Amino acid sequence: MNVNSIERVLWDLCSIREKAIEFSDSPASVLSEYELDSESNAAIESKNVLALARAGVSQMLLMLFWSAVSGGLATLPEYLGRMNAK
Amino acid sequence: MAQFVGGFLLPHDPLITSNPNAPAKEAADAVKGAFAQVSRRLVEMKVDSVIVIGDDHYTVMGPHCIPRCLIAIGDADGPVEPWVGIPRAKYRVDQELALQIMNYGFANRVDWSIAKSITLDHSTALPIHFCVQPHAQMQVVPVLVNSGVEPLISNTRCYEIGQSIRQAIEAWNSDRRVAVLGTGGLSHWVGMAEMGRVNEAWDRMIIQAVESGSIDRILGLTDADIIEQAGNGALEIKNWITALGMAGQTKGRLIEYVPVPEWVTGCGFMEFAA
């Protein structure tokens, strides 16, 4: 996984509201705009925050990404559940 | 000449305003009271301008540009995040002081990144909201050091930047009185699996080091150790170090410390003399 490329995608999703909405409806469509490797693509599309964290992606950014595409800060318990998955 | 009159270390946790009723009332009141005390002290110290040292949370800057140290010299407002729960406001930036710090730095090996116009995040916006904005004549100079996004600035460099800011103030032909707010921390795990944990022992170790003037103890902490013991958010003690660099060999006084798991951090407030 290319952390720099991933962080660009996540940051776009955090900072461009329309893109976050589009991602919620059709993540594959949004991700097709970027040239990511298949592993990175799959991890973002499935919101596999644990895998992304283990790859070295900023965990602060991961939380913001999750919040932007999953319904806001109220959904953080699910985010933390994923981060703590065995 | 302008005078540096002292400083404060305090949290900038956005949950304080976005989720104010999460903790027990006693804890929330203690934190609010500590902010009020800092605000009052700035007035008592007859402060004209406050340097507010924060950090970006991947909200103001993106992967296209991650400044190690940035100073706002023109227009500034905030917070950029609508969910923080405080109204977006325009700040009274002391542009003369900001330019003095910038130019002094350029002449003395601090290559500041410059914001001519910036919308800040909660790290500076929240302390400004509580401590500076209520005083109509008081101005600010927002400064960001990169304690939030890798690659991180070093502790030592933060201290040196603080020293440069102090020297810039003292080289400034002005009668203004300047204070500093070093914001952030203490232990918190932002977006990490442990988020919600507070390491009170680590927090009190930092507070004790500031109380005893043992800045070397803090400077000697590695980033890896900080993250291991106190989470990625605790790297914000680099903001504290920058502020302490302005004072040199000073000893801090504890105003308040409240561990608040509901706000995912230990909230420490300290004052130190110039």
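A salt bridge here is a side-chain nitrogen of Lys or Arg within 4 Å of a carboxyl oxygen of Asp or Glu. With that cut-off, a search of the whole structure turns up 13 salt bridges over all chains. This is a predicted model, where local features need pLDDT of at least 70 and side-chain atom pairs count only at pLDDT 80 or more, while totals for chains, interfaces and linings use all residues. Residues are numbered from 1 along each chain as its sequence is written, chains are lettered from A and ligands numbered from 1 in the order in which they are written, and side-chain values use heavy atoms, with hydrogens and water left out.

**View 1. Chain A as a whole is helices and no strands: seven of the former, zero of the latter.**
Helices (H or I, at least four residues) and strands (E, at least two) are DSSP runs, numbered from the N terminus. Read along the sequence, the pattern is simply α-α-α-α-α-α-α. The radius of gyration of chain A is 12 Å, close to the 12 Å that the globule rule gives for 86 residues, so chain A is as compact as a globular protein of that length. For the record, that radius is taken over C-alpha atoms, and the rule is 2.2 Å times the number of residues to the power 0.38. Along the principal axes, the C-alpha atoms of chain A fill a box of roughly 30 × 25 × 20 Å. Of the 86 residues in chain A, 49% are buried (under 20% relative accessible area; exposed is over 50%, partly exposed in between, with a 1.4 Å probe and protein chains only). Take the contacts in chain A (heavy atoms within 4.5 Å) with a separation of 6 or more: residues 24 or more positions apart account for 56% of them.

**View 2. The surface and charges of chain A.**
The accessible surface of chain A comes to about 4,200 Å², and carbon and sulfur atoms own 49% of it. Areas are from the Shrake-Rupley method with a 1.4 Å probe; for residues, only the protein chains shown count as cover. Chain A carries 7 positive and 11 negative side chains, with the centres of the two sets 9 Å apart. Lys and Arg count as positive, Asp and Glu as negative, and His and the chain ends are not counted. Each charge is placed at NZ of Lys, CZ of Arg, CG of Asp or CD of Glu.

**View 3. Arg8(A) and Asp12(A) pair up in a salt bridge.**
The closest N and O atoms of the two are 3.0 Å apart. Both sit in helix 1 (residues 3-15) of chain A, and because they are four residues apart there, about one helical turn separates them. Arg8(A) is partly exposed at 46% relative accessible area, whereas Asp12(A) is buried at 5%. Side chains of opposite charge can pair when their charged atoms come close.

Lys25(B) is exposed at 62% relative accessibility; Asp29(B), at 35%, is partly exposed.

**View 4. Arg41(B) and Glu44(B) belong to a salt-bridge network.**
Their own bridge has its closest N and O atoms 2.8 Å apart. They are three residues apart in helix 2 of chain B, which means about one helical turn between them. Arg41(B) is partly exposed, with a relative accessible area of 23%. The network also takes in Arg253(B) and Glu271(B).

**View 5. Two cis peptide bonds in chain B loops.**
Gly78(B) and Pro79(B) are joined by a cis bond, omega about 0°, and Pro79(B) is in the loop between strand 3 (69-78) and strand 4 (89-90). The bond from Gly185(B) to Leu186(B) is cis as well, with omega near 0°; Leu186(B) lies in the loop between strand 7 (177-183) and helix 6 (200-211).

**View 6. Positive phi at Lys46(B) and Arg109(B), neither of them glycine.**
Lys46(B) has phi near 55°, is in the loop between helix 2 and strand 2 (49-54) of chain B, and is exposed at 60%. For Arg109(B), phi is near 70°; that residue is in the loop between helix 3 (95-107) and strand 5 (113-119) and is exposed at 74%.

**View 7. Ala125(B), a buried residue in helix 4 (residues 122-132) of chain B.**
Its relative accessibility is 0%. Leaving aside neighbours within four places in sequence, Ala125(B) is in contact with Gly78(B), Pro79(B), Ile86(B) and Tyr91(B).
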